Amino acid sequence: MGFFDGVHRGHARVLKAARRPGAAHGVLTFENHPLTVLRPGDAPPLIVPDTAVKERLIRELGAEVLLSLPFSPELASWTAPEFLGRLCAACRCVHVAVGGNWRFGAGRAGDAAFLETEGSRLGFAVTRVPLKTSRGEVICSSVIRRHLSENRFARALELLGHPLWMSGTVTAGRRLARRWGFPTANVAVKSGVLPPFGVYAVRVHTGGRLRPGIANFGIRPTVDRQPSAPILEAHLFDFAEDLYGARLEVELLRLLRRERSFPGQDALRRQIACDAAEARRFFSSRPDAADAGSVSH
């Protein structure tokens with residue numbers, strides 16, 4: 001049970017601990033961050049703002065059942081005993097796993113010790129999963145957000161245990177890169193925690209397939225002299241289909257360089273060619289990442 005923003009390595013540890021032979025392996029989570037109701041001004045930007053991506057990451061960790069509740073003022077008013085009573089009325093729980101610092105119920109009154117006491121009465125076992133650490137850091141969503149905001153992209157991925165995902169709908173652009181031989185899909189990404197502005201080696205989910213490519217995320221300072229909203233521009237290698245209006249899910253695998261301004265468009269065009277060549281070298285060294293096979297949704 002938890003919010004599971006990012007579905008990171010610490011979350012994976014909790015999900016693994018929840019498994020019990022003969023029982024369906026499930027996750028209880030919320031559609032929106034609890035702070036959007038409790039203290040809206042303190043609600044953090046999400047590492048994975050796209051619910052469909054979050055659900056896929058949870059399924060990939062082996063969950064067979066996903067219970068995703070809208071966190072509402074009514075739900076926030078439930079006491080810890082009321083929350084547990086409703087949960088046990090909805091399904092027969094045999095075991096619950098939570099992070100060591102997880103709390104629930106009105107006023108955050110319920111903790112792991114309370115769960116253990118109530119579990120003895122209601123017939124389920126409880127596992128408190130110690131917080132997972134990496135090189136002296138606790139693996140948690142707030143730490144990952146901090147690394148992303150302070151431009152430590154590689155470290156953030158290390159703690160996540162998977163690529164950073166961005167998703168959105170392809171919109172029309174100025175087609176400058178197309179004239180240079182690098183057509184891009186301009187993706188208006190869902191709001192969430194932002195990665196460093198820069199050029200990335202990426203994989204794109206489209207048409208039920210994974211396709212390698214390169215993407216720039218940022219404000220395009222060379223071609224847009226006035227500040228603009230950040231946008232993700234993805235170029236798929238060896239791909240020529242029209243993607244306008246399509247919903248894309250993009251995995252950011254490696255930061256190749258930070259975004260910067262160039263003296264002119266010719267210099268930018270040459271740099272894009274260099275970036276694409278570097279991304280291709282990355283994928284040639286990682287055949288598993290470059291595999292443009294089919295994917296299940």
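Visitor: How many nonpolar, polar and charged residues are in the lining of the largest pocket?

Guide: The classes come first: Ala, Val, Leu, Ile, Met, Phe, Trp, Tyr, Cys and Pro count as nonpolar, Asp, Glu, Lys and Arg as charged, and the others, Gly among them, as polar. In this predicted model, the lining of the largest pocket has 22 nonpolar, eleven polar and seven charged residues. Local features need pLDDT of at least 70 and side-chain atom pairs count only at pLDDT 80 or more, while totals for chains, interfaces and linings use all residues. Residues are numbered from 1 along each chain as its sequence is written, and side-chain values use heavy atoms, with hydrogens and water left out.

Visitor: What is a pocket, and how much space lies in the largest one?

Guide: Rolling a probe the size of a water molecule over the atoms shows where empty space is left. On a 1 Å grid over the protein atoms alone, a pocket is an open set of points with protein on both sides within 12 Å along at least five of seven lines, whereas a cavity is a set where a 1.4 Å probe fits but cannot get out; lining residues have an atom within 4 Å of a point. Grid points are joined across faces, edges and corners, and a volume is the space filled by probe spheres set on the points. Here the largest pocket holds about 1,100 Å³. Among its 40 lining residues, Gly2, Phe3, Trp102, Arg103 and Arg108 are the closest to its centre.

Visitor: Which helix gives the most to that lining?

Guide: Helices (H or I, at least four residues) and strands (E, at least two) are DSSP runs, numbered from the N terminus. H1 gives the most, with four residues.

Visitor: How many cavities of 30 Å³ or more does the structure hold?

Guide: There are two of them. The second largest cavity has a volume of about 110 Å³, and strand E7 (residues 164-171) supplies the largest share of its lining, four residues.

Visitor: At what angle do H5 and H6 pack?

Guide: Axes are lines fitted to C-alpha atoms, for helices over the stretch in contact, and angles run from 0 to 180 degrees between N-to-C directions. Helix H5 (residues 80-90) and helix H6 (residues 112-122) pack at about 45°, with axes 12 Å apart. The two are therefore oblique to each other; angles under 35 degrees count as roughly parallel, over 145 as roughly antiparallel, 65 to 115 as roughly perpendicular and the rest as oblique.
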